[in-house]
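Let's take a walk through this one together, a step at a time. Have a look at the model first, and then we'll start with a pair of residues inside one chain.

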Amino acid sequence: MTTSNPLTPEQETATPAVELDGIRLRYGNHLALKDVSLELAAGEVMAMIGPSGSGKSSLLRCINLLERPESGILRVFGQSVPLEREIAAKELAQLRRKVGMVFQSFNLFPHLPVLRNITLPQERVLKRSRDEAEARARELLERVGLGDKADAYPGKLSGGQQQRVAIARALAMDPRVLLFDEPTSALDPELGIEVLAVMRDLAETGVTMMVVTHEIHFAADVADRIVVMADGQILEQGDPDQVLTDPQTERTQRFLRAVKDR
Amino acid sequence: MTEMLNMVGQWMPRLLDGLWLSLQVTGVSLVLGIAGGLALAVLALSRKRPVRILSTVVTEIGRGTPALVMLQFVYFGLPQTGIMLEGFAAAATALTLTTAAYTSEIIRAGLKSVPQGELEASSALGISRRDSLRFIIIPQGMRIAIPSLLGFSILMFQVSSLAFTIGLPELLSQAYSIGASNFRYLEVLTVAGLLYLAVTIPAGWFTRRVERKMSQHL
Amino acid sequence: MSILLALLYGIPVTVGVTACSFLIGMVLAAFLALGVRSRHSALGALSRATIDVLRGIPPVVFLFIIFFGIGNQLLRMNPFTAAVIGLGLISAGHLAEIYRGGLSAVHKGQYEASSALGLTGADTMGRIIAPQAFRVALPGMTTYAISLIKDSSIVSTIGVAEIMFIANQSARSGADGLTPFLIAAAIYILLGTPLAWAARSVEAKLHVRISR
Ligand SMILES: Nc1ncnc2c1ncn2[C@@H]1O[C@H](COP(=O)(O)OP(=O)(O)OP(=O)(O)O)[C@@H](O)[C@H]1O
Ligand SMILES: [Mg+2]
């Protein structure tokens, strides 16, 4: 087991973390993603914004195959993910080990104490020993500021604390890229700040991240790049300052006005 | 009045023996039946359609067949196929089948109530379907099912009285044969009824308490 | 084949016992449910205890008390009568619980509005509360009716010649001890099915009406 942080970017500047090319996703007869192409570099922090229903979650969920695109090319750290055929269990496992995900609704396992939430996947998926898994879990809980909550049940924690546990749980699997789907949308603003602080810290240590968010300030400060989606397509992308101050499309301008006026 | 009490005192040892047997046959059927119900419920979640259909058909047949028919079928019918079971085994077999069918519905509802988001989280973490059943879905689903399973267990204890039709000397059987020997059916059957109540009513209180406790925890 | 024919004769008896018991239960349950909710605490406790006893004793024990106990020692009655009285009382206990659930689902504001309008207590219950409670209770009542069809098989034990009784007889007398029970099971399943369909469509209709 490697103890070095596999998320540090230096070794892997050559291969992009995630490559999407012409990804098309359909729910019934509704086309949710219309041939989306996007590349995330290793070590990059990308923020994705856009109006509700524009397909941000869908895009994120394609990357770890929670949704199955009907066509396109998907590569994660060089691993080609086949979309034209049923994926083998082994390939899927390989993919999901590389990709961690943090959900809007935390999705902790409520019947397990915080520590067990973090150790169980390590033991079952990475085959770590109980001791090893616990050591890693405690280290990560410290890192997200919850060293004293190891034995609490998720239901006893605030939303912000739950989300930080969820981040620790995802990190414990040593993923090479972390996906966040509106991690603070279910939280009171005050609690959201705790979570954003943890994410900021991760970004600073070079974790590769893709963050769907409505937190424009976070996007402006932390992200290397902002991607704007609308109606199943990428409207524009670029340097945060540039996108936020000088949006190229009328649709983006309208969206940004709506967000800023809130 | 004292004469009455004396009589009841004389009946009591046999009635209590019967009650003990009723509890035993119920207990065995519940343990085996709930295990079967869990198996059926898990099969009902299978990704293979034929497996799901099979589980549903077995469940529906088991639920649609009266427990009495099940008992008589096992005791009087099965010997024709070479399966010969004596009273206790036959009663336990029949009640196990009925329990499995009913509890599979209860447990399935429990398993299905585990939120979708947790299943997604477990997929995203790379946890296999088998592991997520074992560590996430079943522990939570079973816990949610507990109050209904307790309620069903009380019902099953009552249903065990039907085993008298296949000659199992459980509580009703004992009461009836005492009645047949002294023609005091009303008295002895009433005492038997009270003994059943002595189990079912406290068990009902307990179930409601558990239910309340659990709804507070959500 | 002859087994099947013989068993078919049991169907009207099974349906008859079930229907009569259910009707008796529906009427008696109303008194019990109102009793439980009454402001009179003694009446409330008595109704509560009656419901618990009716639901807590195994149906077949209850039937035996009535048929062998009361029937032999106090008041002669034929098996059918005993069966209907026994299952009727048990149904009353179960249906009372279902009614009670329906009544408590009616919003408190409905009582308050009725009093504010000056309706009498009887009018409030009969015209405002009960009709609303009935809708809530209907699915539970149908489910209970389906289980009563199956439970009615126990009246075979006191000699009512319904499906189960005939199955048992032909299994013991004939060469084939297996088939009668299989056919009996099939008949019970088939008898429950139309009710289950009815329940589903009624539920769907009521849902539409309430949500409109
Ligand atoms: N499971 C699903 N079944 C059917 N349609 C879906 C499903 N999930 C999403 N959609 C539809 O796909 C489109 C994109 O949804 P998606 O959740 O990706 O949007 P989003 O940008 O994440 O929005 P939000 O900001 O509200 O989370 C929407 O029109 C949505 O209604
Ligand atoms: Mg979304």
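Start with Arg128(A) and Asp174(A), which are both buried, where buried means under 20% relative accessible area, exposed means over 50%, and partly exposed is in between (1.4 Å probe, protein chains only). Arg128(A) and Asp174(A) form a salt bridge, with their closest N and O atoms 2.5 Å apart; a salt bridge here is a side-chain nitrogen of Lys or Arg within 4 Å of a carboxyl oxygen of Asp or Glu. This pair links distant parts of the chain: Arg128(A) sits in the loop between H3 and helix H4 (130-143) of chain A, and Asp174(A) in the loop between H5 and strand E7 (177-181) of chain A, 46 residues apart. Helices (H or I, at least four residues) and strands (E, at least two) are DSSP runs, numbered from the N terminus.

Before going on, a word about what you're looking at. This is a predicted model, in which local features need pLDDT of at least 70, side-chain atom pairs count only at pLDDT 80 or more, and totals for chains, interfaces and linings use all residues. Residues are numbered from 1 along each chain as its sequence is written, chains are lettered from A and ligands numbered from 1 in the order in which they are written, and side-chain values use heavy atoms, with hydrogens and water left out.

Over all chains, a search of the whole structure turns up 25 salt bridges. Another one in chain A joins the side chains of Glu44(A) and Arg225(A), at 2.7 Å from N to O. Glu44(A) lies in the loop between strand E2 (30-40) and strand E3 (45-49) of chain A, and Arg225(A) in strand E9 (residues 225-230) of chain A, so the pair ties together parts that are 181 residues apart in sequence. Both Glu44(A) and Arg225(A) are buried.

Now hop over to chain C, where Asp123(C) and Arg127(C) form a salt bridge with their closest N and O atoms 3.5 Å apart. Because they are four residues apart in helix H7 (residues 121-151) of chain C, about one helical turn separates Asp123(C) and Arg127(C). Asp123(C) counts as partly exposed, at 30% relative accessibility, while Arg127(C) is exposed, with a relative accessible area of 66%. Elsewhere in chain C, the buried residues of H3(C) are Gly44(C), Ser47(C), Ile51(C), Asp52(C), Leu54(C) and Gly56(C).

Chain B has eight helices and zero strands. Its C-alpha trace spans about 75 × 50 × 20 Å along its principal axes, and buried residues make up 51% of its 218 residues.

So how do the chains meet? Of the two pairs of chains in contact (heavy atoms within 4.5 Å), chains B and C share the most contacts. Chain A and chain C do not touch, and their nearest C-alpha atoms are 26 Å apart.

Where chains B and C meet, 34 residues of chain B are in contact with 34 residues of chain C. About 2,800 Å² is buried between them, with carbon and sulfur atoms giving 73%; buried area is the accessible area (1.4 Å probe) that two parts lose on being put together, summed over both. On the side of chain B that touches chain C, helices H2 (49-64), H3 (67-77), H7 (171-182) and H8 (185-217) of chain B each supply at least two residues. The largest share, ten residues, comes from H8(B).

The contact between chains A and B takes 19 residues from chain A and 17 residues from chain B. Phe109(A), His111(A) and Arg124(A) supply 36% of the area that chain A buries against chain B, more than any other three residues. The area buried between chain A and chain B is about 1,600 Å², and carbon and sulfur atoms give 65% of that. There are two salt bridges between chain A and chain B. Asp131(B) forms a salt bridge with Arg124(A), with the closest N and O atoms 2.9 Å apart.
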